[in-house]
Amino acid sequence: MRHSRLLLTAALSASLTSAVFSGAAMARDDDPIRLAVDVPYEPFEYKTADGTLTGFEVDLGNAVCDYLEVECTWVEQPWDGMIPGLMARKYDAIMSSMAITEERAQQVLFSEPYYTTPSAWITAKDRDIDIQDKESLKGLTVGVQRATIQDRYVTDLYGDVLEIRRYGSADDVIADMQTGRLDLTFMDYPIAEASIDIDTEGSEFKRISDFIKEPKKYFGQGVGVAFRKRDKALAEKFNEALAELKANGTYDEIMNKYFTYDVKL
């Protein structure tokens with residue numbers, strides 16, 4: 001009798017547990033999709049004077065959500081905690097200029113790539129630095145945003161000659177460039193274009209390299225939306241939406257608002 005009661009109790013408990021998890025799953029289906037961004041990272045994601053979140057990826061992400069007819073919310077997350085935050089379920093996806101690399105693909109599931117941009121070496125306008133002459137770089141200080149592909153590239157290829165200072169944001173790198181605490185920086189070109197007017201006559205800085213997109217070991221296959229590995233259905237929905245936005249001209253309309261050149265993939 002006691003054995004029967006235990007079996008019945010266990011069965012009821014299992015049913016209730018199943019119902020709870022089923023209900024939770026249903027609730028999650030109705031919840032907004034939470035998209036993580038590192039702010040500011042102009043022109044991809046930044047805030048206007050009134051505090052409104054905007055930028056290329058914010059507009060594109062909102063267009064994806066409109067196409068899918070779902071509600072989306074944006075979660076601000078410092079870059080070096082991006083993937084841990086995704087794994088901890090603080091948000092459902094990362095849409096914040098994350099390059100698709102083999103190393104990251106071991107941790108997360110990527111959408112199809114939706115843009116690519118180059119990186120570049122930059123120094124003050126009055127400095128004479130030859131980035132091609134590696135020996136001449138010894139003792140110089142370079143600033144990079146921590147845990148980015150630019151950080152890894154500089155660490156691996158120039159860590160033996162340059163003193164590397166890592167920062168939490170691109171704005172912090174630029175601030176130390178402007179005060180002369182850094183000799184040069186290696187950063188995503190659109191960030192430099194938006195923040196310090198690089199390659200314009202009035203800029204305090206100059207580009208001292210070609211546009212750099214290789215090798216793929218560092219720069220990957222382009223930028224993708226990152227999901228938890230189990231969220232394949234959500235990734236497929238984003239792929240469908242991104243493909244349609246490219247086909248119907250919405251992507252180009254958003255791109256042309258922020259860039260003078262083609263970043264589409």
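## Close-up views of the predicted model

**View 1. Asp199 sits in the loop between α7 and β11.** Helices (H or I, at least four residues) and strands (E, at least two) are DSSP runs, numbered from the N terminus. This is a predicted model, in which local features need pLDDT of at least 70, side-chain atom pairs count only at pLDDT 80 or more, and totals for chains, interfaces and linings use all residues. Residues are numbered from 1 along each chain as its sequence is written, and side-chain values use heavy atoms, with hydrogens and water left out. Asp199 has a positive phi near 65° although this residue is not a glycine. With a relative accessible area of 40%, Asp199 is partly exposed; buried means under 20%, exposed over 50%, and partly exposed in between (1.4 Å probe, protein chains only).

**View 2. Cys65 and Cys72 are joined by a disulfide.** The two sulfurs are 1.8 Å apart; the term covers a pair of cysteine sulfur atoms within 2.5 Å. By this rule, the count is one disulfide. The torsion about the S-S bond is about -85°, so the disulfide is left-handed. Both ends are hidden: Cys65 is buried at a relative accessible area of 3%, and Cys72 is buried at 16%. Glu69, in the loop between α2 and β4, is exposed at 73%. Glu69 also has a positive phi of about 60°, though it is not a glycine.

**View 3. Trp74 lies in strand β4 (residues 72–76).** Its relative accessible area is 21%, making Trp74 partly exposed. Which residues does Trp74 contact, leaving aside neighbours within four places in sequence? They are Leu35, Val37, Leu53, Glu57, Val58, Gly61, Asn62 and Met95. Gly61 is 13 residues from Trp74 in sequence, and their C-alpha atoms are 9.4 Å apart.

**View 4. Helix α2 (residues 56–68) packs against helix α9 (residues 232–247) at about 105°.** Their axes are 9 Å apart; axes are lines fitted to C-alpha atoms, for helices over the stretch in contact, and angles run from 0 to 180 degrees between N-to-C directions. This makes α2 roughly perpendicular to α9, a label for angles of 65 to 115 degrees. From α2, the contact uses Leu60, Ala63, Val64, Tyr67 and Leu68. From α9 come Lys237, Phe238, Glu240, Ala241, Leu242, Glu244 and Leu245. By class, the α2 and α9 contact holds nine nonpolar, no polar and three charged residues. Here Ala, Val, Leu, Ile, Met, Phe, Trp, Tyr, Cys and Pro count as nonpolar, Asp, Glu, Lys and Arg as charged, and the others, Gly among them, as polar.

**View 5. Asp231 lies in the loop between β12 (226–227) and α9.** Is Asp231 buried or exposed? Asp231 is buried, with a relative accessible area of 17%. Not counting residues up to four places away in sequence, Asp231 touches Asp92 and Leu109.

**View 6. A cis peptide bond joins Val39 and Pro40.** Omega is about 0° for this bond, and Pro40 is in the loop between β1 (33–37) and β2 (46–47). The peptide bond from Glu214 to Pro215 is cis too, with omega near 0°. Pro215 lies in the loop between β11 and α8 (216–219).

Methods
Angles under 35 degrees count as roughly parallel, over 145 as roughly antiparallel, 65 to 115 as roughly perpendicular and the rest as oblique. Contact means heavy atoms within 4.5 Å.
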